[in-house]
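Subject: Structure handover

Hello,

Here is the structure I promised to pass on. Please open it first, then read my notes below.

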Amino acid sequence: MRVWEKYVTFRTQCHPAWQIGEGGDLLQKPRKLLIVDRQSENREGLCALLRDGYKLVTADHGQDAMAHLEQEPDITLALINMTLPDMEGYRVLGQIRRGGAQVRTLALVEASSPGSREQALALGA
């Protein structure tokens, strides 16, 4: 099973959460998504799942992801794999928060990595 196949239920499970903001304010669903993953098959699989109704931007490493976020302020959600070739996804999350970007983030972590979920949540994912 490819990694992206684990996210087949992504839209149905996470979509309602996109509708509620802090304090219960209704928000529009993300219109432009950034998918950051070092493996092309994961990026392609997620794009195949999410292409209907969304503008998609992809990056295969952290520096490219940060460049997209700086140059394209209309990105509203970033799906970031925590294992990237040039920097850890945790570092990308930290830079996003320190830079004040108004983008929601979803961390893609390996289930076998102890503490990955907690570390990503602490960085705002």
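How many helices and strands are there in the protein? There are 5 helices and 4 strands. Please keep in mind that this is a predicted model. Starting at the N terminus, the order of elements is α-β-α-β-α-β-α-β-α. The protein has 125 residues, and 38% of them count as buried.

Helices α3 and α4

Two packed helices are described by the angle between their axes and the distance between the axes. Here is how that works out for one pair. Helix α3 covers residues 62-71, and helix α4 covers residues 89-99. Their axes come within 10 Å. They cross at roughly 25°. Angles under 35 degrees count as roughly parallel, so α3 and α4 are roughly parallel to each other. The crossing of the two helices is right-handed.

Which residues make the contact? On the α3 side they are Gly-62, Met-66 and Leu-69. On the α4 side they are Val-92, Gln-95 and Ile-96. By type, this contact of α3 with α4 has 4 nonpolar residues, 2 polar ones and no charged ones.

More on α4

Helix α4 has these buried residues: Gly-89, Tyr-90, Val-92, Leu-93, Gly-94 and Ile-96. Val-92 and Ile-96 are therefore both buried and part of the contact with α3. What covers the buried residues of α4? The cover includes α3, β3, β4 (104-108) and α5 (116-122).

Now look at the end of the helix. Gly-99 is found in α4. Is Gly-99 buried or exposed? Gly-99 is exposed, because its relative accessible area is 64% and the cut-off for exposed is over 50%. Gly-99 and Glu-70 are 29 residues apart along the chain. Their C-alpha atoms are separated by 9.5 Å. Just after α4 comes Gly-100, which takes a positive phi of about 75°.

The salt bridges

How many salt bridges does the count come to? The count comes to 2.

Lys-32 lies in strand β1 (residues 32-36), while Glu-72 lies in the loop between α3 and β3 (77-81). The pair therefore ties together parts that are 40 residues apart in sequence. Both Lys-32 and Glu-72 are buried.

Another salt bridge joins the side chains of Asp-74 and Lys-32, at 3.4 Å from N to O. Asp-74 lies in the loop between α3 and β3, and Lys-32 in strand β1, so this pair ties together parts that are 42 residues apart in sequence.

How do Asp-74 and Lys-32 stand for accessibility? Asp-74 has 38% relative accessibility, so Asp-74 counts as partly exposed. Lys-32 has 12%, so Lys-32 counts as buried. The cut-off for buried is under 20%.

Through shared partners, the salt bridges join Lys-32, Glu-72 and Asp-74 into one network.

Where to look

Start with the α3 and α4 pair, with its crossing at roughly 25°. Finish at Gly-99 in helix α4 and Gly-100 just after the helix.

Best wishes

Conventions. Residues numbered from 1 in each chain as written. Predicted model: local features only at pLDDT ≥ 70, side-chain atom pairs only at ≥ 80, totals over all residues. Heavy atoms only, no water. Axes fitted to C-alpha atoms, helices over the stretch in contact; angles between N-to-C directions. Parallel < 35°, antiparallel > 145°, perpendicular 65-115°, else oblique. Left-handed = near helix turned anticlockwise from the far one by under 90°. Contact = heavy atoms within 4.5 Å. Nonpolar A, V, L, I, M, F, W, Y, C, P; charged D, E, K, R; others polar. Salt bridge = Lys/Arg side-chain N within 4 Å of Asp/Glu carboxyl O. Buried < 20%, exposed > 50% of the residue type's maximum accessible area, 1.4 Å probe, protein only.
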